[in-house]
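This briefing is for a reader who has not seen the structure before. The points below are grouped by topic and can be followed alongside the sequence and the 3D view.

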Amino acid sequence: MYAQMVESTGKPVRQLDEMSAEEREFQRRIDDNQKIEPKDWMPEGYRRNLIRQISQHAHSEIVGQLPEGNWIGRAPTLERKMILLAKVQDEAGHGLYLYSAAETLGVSRDELTQQLLSGKAKYSSIFNYPTLTWADIGAIGWLVDGAAIMNQVPLQRCSYGPYSRAMIRICKEESFHQRQGFDIMMKLANGTPAQRGMAQDALNRWWWPALMMFGPSDKDSVHSAQSFAWKIKQESNDAARQRFVDTTVPQAEYLGLTVPDPELKKNEERGGYDFGEPDWNEFFTVLAGNGPCNRERLNARQKAWDDGEWFRTGLMAHAEKARQQSKPQAAE
């Protein structure tokens, strides 16, 4: 998923005897795997947690269009251009689904956008890295979307109905994105020496940021404990990262590419792979706004917001006019 540093209430998980009657009934529904819907009663901490997570996810989908959109006009063939256009369009749709899900929690899309532009809200650190070559588009599809799928499939079982339902379509489309990325890498890996070198270079640069997408270890986090109790989060960061490595390393071997981790080795007993620790200093530096493309990404979103003001104003004026016309005419 794209929500790397989402906090919840900041308090330890409470026991049932510490809860109010409403909270106990709410937790009972969660434990019975019932979906929570927008008009249902919910704790304020649950609502805030969801708003932060869903909005960060939505921001990431929208900002995530920028690194790939940079290559639409430079795709090597017409077919590749059409595929990339469809992929970027999908990401815009994902952002729309997720903003709509967040709005059911009582927050406006304008408010969420302002939180992003002001720096209050975050988006995934992965999108603050540049796409230097066409192979980067393949690496993003293969690694970045592959990592997202690992986190997003469990979200289809999230306790909040609008979020879980949005994830069903998103996951289907992300699977297509991952396959097209792998196809690009396979073509390059089986191409000329220069193309093969391009594929290896992209893997070298995107491997560690992809592992960081899962966020730091949350084994000792009370925030994660509460998210698990509310069934917002379904799997720990470490478990999801391990599944990603175990799935992706054999794919790299199939491509004939080398994962840039000197500590990577097969764990025969477990049937997976042991791997090195990502550079968390780099992660927090990028997350704090000091990555290679942070400023460029936010400037692009600010420009889009400013350029679209006339259109939003027109839509609001049209809606107000329609509302006035729908009012019953006063009797003369």
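**Around W207**

The model described here is predicted.

**Nonpolar cores**

- W207 is among the residues with the most contacts inside the largest nonpolar core, a set of 51 residues; the others named for this are W134, W142, L143, W206 and F244.
- Two or more residues of this core come from each of helix 4 (78-103), helix 6 (134-155), helix 7 (161-189), helix 8 (193-212), helix 10 (237-255) and helix 11 (280-290).
- Helix 6 gives the largest share, eleven residues.
- Another core, of 26 residues, lies apart from this one and includes F26, A101, L105 and M167.

- In helix 1 (residues 21-31), the buried residues are E23, F26, Q27, R29 and I30.
- These residues lie on the same side of helix 1, because they cover an arc of only 155 degrees around the axis.
- Just after helix 1, N33 has a positive phi of about 60 degrees.
- I36 sits in the loop between helix 1 and helix 2 (44-63).
- I36 counts as buried because its relative accessibility is 0%, the cut-off for buried being under 20%.
- Leaving aside neighbours within four places in sequence, the contacts of I36 include F26, R29 and I30, as well as M42 and Y46.
- I36 is also in contact with S159, Y160, G161 and P162.
- The C-alpha atoms of I36 and C158 are 9.3 Å apart in space, while the two residues are 122 residues apart in sequence.

**Salt bridges**

- The whole structure has 21 salt bridges.
- One of them joins the side chains of D32 and R28, at 2.8 Å from N to O.
- D32 is partly exposed, with a relative accessible area of 43%, and R28 is partly exposed at 37%.
- R80 and D183 also meet through their side chains in a salt bridge, at 2.9 Å from N to O.
- This pair links distant parts of the chain, with R80 in helix 4 and D183 in helix 7, 103 residues apart.
- R80 is buried, with a relative accessible area of 14%, whereas D183 counts as partly exposed at 23%.
- A salt bridge also forms between D238 and R241, whose closest N and O atoms are 3.0 Å apart.
- D238 and R241 are three residues apart in helix 10, so about one helical turn separates them.
- In an α-helix there are 3.6 residues a turn, so residues three or four places apart point the same way.
- D238 is partly exposed, with a relative accessible area of 29%, but R241 is buried, at 3%.

**Surface patch**

- A nonpolar patch on the surface is formed by W310, F311 and L315, which together have about 390 Å² of accessible area.
- F311 belongs to helix 13 (residues 309-326).
- The relative accessible area of F311 is 46%, so this residue is partly exposed.

Note on methods
Residues are numbered from 1 along each chain as its sequence is written. This is a predicted model: local features need pLDDT of at least 70, side-chain atom pairs count only at pLDDT 80 or more; totals for chains, interfaces and linings use all residues. Side-chain values use heavy atoms; hydrogens and water are left out. A nonpolar core is a set of buried Ala, Val, Leu, Ile, Met, Phe, Trp, Tyr and Cys residues joined through side-chain atoms within 4.5 Å. Buried means under 20% relative accessible area, exposed over 50%, partly exposed in between (1.4 Å probe, protein chains only). Helices (H or I, at least four residues) and strands (E, at least two) are DSSP runs, numbered from the N terminus. Patches are made of residues with over 30% relative accessible area and no salt bridge: like charges are joined within 9 Å, nonpolar side chains (Val, Leu, Ile, Met, Phe, Trp, Tyr) within 5 Å. Accessible areas come from the Shrake-Rupley method with a 1.4 Å probe; for residues, only the protein chains shown count as cover. A salt bridge is a side-chain nitrogen of Lys or Arg within 4 Å of a carboxyl oxygen of Asp or Glu. The arc is that of the directions from the helix axis to the C-beta atoms. Contact means heavy atoms within 4.5 Å.
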